[in-house]
Every structure is written in C-alpha cells, then in structure tokens.
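Take a walk through this structure by way of its side-chain contacts. Keep the sequence and the 3D view side by side.

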Amino acid sequence: MITKNVMSIALSGFLALPLMAQDEAPAVGDLLQDINMFTPAEGDPSYKVKAFEKFGTEWAVDAAYGLWNTEKVPGATRHTNLALIHAQLNQRLIEDNANGGTWLRVEFSGSWGLDRESAQSDTVFADMVGNATYAHADHWGPHEGVFPEVALMHYFAGKRACIIAGMVNLTNYFDAVSIANDSFAGFTNSGFINSTILPLPDSNLGAVLQVELSRNSYAMVGVSRTGCTAGYNPFNSDICNGYAVVGEYGRIMADGTVTLRLNPFYTSADVDLDDGKGENRRQNAGLVGSIEYTPCDRLTVYSRAGFAAKQYLSNSAEFSVGANFKLIPSREDDFFGISYGVFKGQTPTENNREQVVEAMYSLQINDYVKVVPHIQYVANPAYSTADDAVIWGVQTVFSF
C-alpha cells in the first residue's frame, strides 16, 4: 500500500515503484515524477484530483512535536523539546502536457525550542556526538526557519529529462533511500537519513540534471556551491567558496522489488587543516552505493556503503544496514524500523570509528497523525573515548 504521507513520497523517490511495477510497467517519465513531485501520478491507486491541483499547485506539509532525552549524552543538556516543520510547494508556471511543463519549487524547514533549555541549544543533541546531531537532517543549521530550496524546475524531452536550477537542496534528489530518508517518521540519526560521505548541500546555488534512461533506470548529476550555511546569502563568495559535483545512477530490478543507486562525487573547497599553513584548496572524491529490497509487502531492507579518497572534507568510510517491518498486517501504515551503522571519522586514530544502533516504531493514528518513539545507542561518539551515548525520544507528526 502506498503511504498517505505525501512528504514521504516526495523524499523517498521510489517508495511506490516496487508496489506498482509488479502489476504494470512504469510510464515514460514516472521515475523523475516520483523523485520531484509531491502527489501520486494519475493511474496510481491513491491518486485523487484536488481542486488546487487543477491550477498546477502541489504542496505538502509535515509538522511535528519532538521530545529527545539526552541525559545520557556527555556534555549535552538533559532534553530537547522542539516544534518542527517541513513544507514544500510545486507551482506550475508554464503548462506543457507533452513535456511536463515549468515549475517553481519552494521548500521551508525549521525547528524551534519550546523551553529555555532547548532554545539555547544550537543542535538537537550535541556537537560532540558525531553522526547523532540533528533531529531533522533535511537542512543543516540552527533552530530557525530557513528556505533550503527556491528553484525552477523544467521538464523536457517528452518528460524524460528535467533540470532544476537556483538555490537547490541536493538531499531532495540524491541518496533517497526510501525507508531511511524521512527524519519526521523514520530514523532520526543523520547517519541513516543521508550518507555522511556524500556532499549534499542545501541553500546553495546549483543545478540538477535528470535523465530517464529507460523505464527502469535513470541518471542524475548535480552541481552546487558549498560553504553557505542555511539562512545565509548564497551569493556571498566569501562564505560559499567551494563546489561539489554529485552523480547518481539508479536502476529498478527484479520486477520492481530491488532498487540500486550508485553515487560518485567530487568536491573542492578551501580547508584549514590546523597544520600551520592556513587555508588551502583541497579536493576529495569517492563513491557511495545503496540497495533496497522488498521481498514482500511487510518487509523492506536496505544497505548503504561508501568511501572517500580523502578524510578532511567528510567521513572516510561508512556502512549501514536497516529494515522496516510491518508487525500487524492489517495496519498497513504501521511499521517497526531498526538500523545499524559504523562510520570512520576524519582523524586517523584508534578511536575514529563510531557505531550507532537505532530502533523506532511508526504508529499511524489516522491519515494525518502518527506517533514515532525512537531510541539510539551511540558507541565511541564523535570518534573519541567519551562515554557511550543513549538518546531516546518521541515525535508526534502531523501530515497535510
């Protein structure tokens, strides 16, 4: 069953494809539509035309209340009490039924502390807790309302190609592992939501070119400036002084039950390595791959692995594996998730590996509300000899 949470559809890319491909082959343009759009396509069992869609308007909003207990995180406050919101809009500017048209894309994201202790914290957990950093990892920045993406999206070549340009958020397009790419109703550890190696900037000037190679495969390449923190001026060359190039090849296999993604990347930026030489231009390159397998309607498993040639612009290696399992077959939108990851850090020391285990459960109350309790265990946090961290919490998610 396709989820009713349209935000999850937009972020997870191919969540619907394994369930549809067993009955019928995807139509031309379906792969790109599933990545970029927020509502199911015509012919999808969950598709219902709404009045505003007739005017070329698509929107999705996820709001949440989140409480994280960080009492057992060294150096962190006892808890973090947040209100979170994530909204996206696609507004059609030029209609072109044959090619897909031209659209305006706007994304808003933010989180705010609901008490004095939470409001004074710049991160949800603590800077020292390596990968366990932000509760909502679709943007990297303090608790404030920001626009990670404001861009134009133009389809062409009979819906088989698309270009998005402007202030882009690369996390919306690349590395979209379906069961691990929604920080509202899935895993909260940023090491599972997106690769810790891939450079996926948001709020920076850039462009993404997408091409559907066949009914079951596609390719993308994204170019983005780097260094501009969310909420700051992306035209400021003093801050945004680097760039990243990210590619992705995706293929749907085994009658839609397997999705493979390969992500090569290259980055160039001015980095100060504290070696007394000041800032110098540094390059990095690497490869990340992920695979998803849905053997039955109740179970989806994934694995992600990657490496980088250099260590000073990202982690040098990572591996994670996880699964979503529907414990009660009659409750299609409820699922239990568990994931494990090991991440090799930037400094070549004996303590440069961090391990994370997270378990969560998504309890769907109705079409609009779900409750998501979760717990994390972080061994060797931030690649140091600090005490292991235990983080638990709950989110109440409202989807519109």
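Predicted model: local features only at pLDDT ≥ 70, side-chain atom pairs only at ≥ 80, totals over all residues.

Residues are numbered from 1 along each chain as its sequence is written, and side-chain values use heavy atoms, with hydrogens and water left out.

Start with charge. Side chains of opposite charge can pair when their charged atoms come close. Here a salt bridge is a side-chain nitrogen of Lys or Arg within 4 Å of a carboxyl oxygen of Asp or Glu. The structure holds seven of them. One joins R304 to D175, with 3.1 Å from N to O. This pair links distant parts of the chain: R304 sits in strand 11 (residues 299–308), and D175 sits in the loop between strand 5 (161–168) and helix 5 (190–193), 129 residues apart. Helices (H or I, at least four residues) and strands (E, at least two) are DSSP runs, numbered from the N terminus. Are the two partners buried or exposed? Buried means under 20% relative accessible area, exposed means over 50%, and partly exposed lies in between (1.4 Å probe, protein chains only). R304 has a relative accessible area of 1%, so R304 is buried. D175 is buried too, because its relative accessibility is 0%.

Move on to R261. Its side chain meets that of E292 in a salt bridge of 2.7 Å, N to O. The pair links strand 9 (residues 258–272), which holds R261, to strand 10 (residues 279–296), which holds E292; the two residues are 31 apart. R261 is buried at 0% relative accessible area. E292 counts as buried at 7%.

K326 lies in the loop between strand 12 (317–325) and strand 13 (335–344), while D297 lies in the loop between strand 10 and strand 11, 29 residues apart. K326 is buried, because its relative accessible area is 12%. D297 has a relative accessibility of 35%, so D297 counts as partly exposed.

Now the rings. Rings of Phe, Tyr and Trp (its six-membered ring) pair if their centres lie within 6.5 Å; planes under 30 degrees apart count as stacked, over 60 as edge-to-face and the rest as tilted. A search of the whole structure finds five aromatic pairs. F108 and W112 are stacked, because their ring centres are 6.5 Å apart and their planes meet at 25°. F108 also pairs with F147, edge-to-face, at 5.3 Å centre to centre and 65° between the planes. F108 lies in strand 3 (residues 102–113) and F147 in strand 4 (residues 146–156), so this pair ties together parts 39 residues apart in sequence. F108 is partly exposed at 23%. W112 is partly exposed at 35%, and F147 is partly exposed at 44%.

Turn to the cysteines. How many disulfides are there? A disulfide is taken as a pair of cysteine sulfur atoms within 2.5 Å, and by this rule the count is zero. C162 is buried at 0% relative accessibility, whereas C296 is partly exposed at 38%.

Finish at N216. This residue is in the loop between strand 6 (204–214) and strand 7 (217–226). N216 counts as partly exposed, with 31% relative accessibility. Its C-alpha atom is separated by 9.8 Å from that of V28, 188 residues away along the chain.
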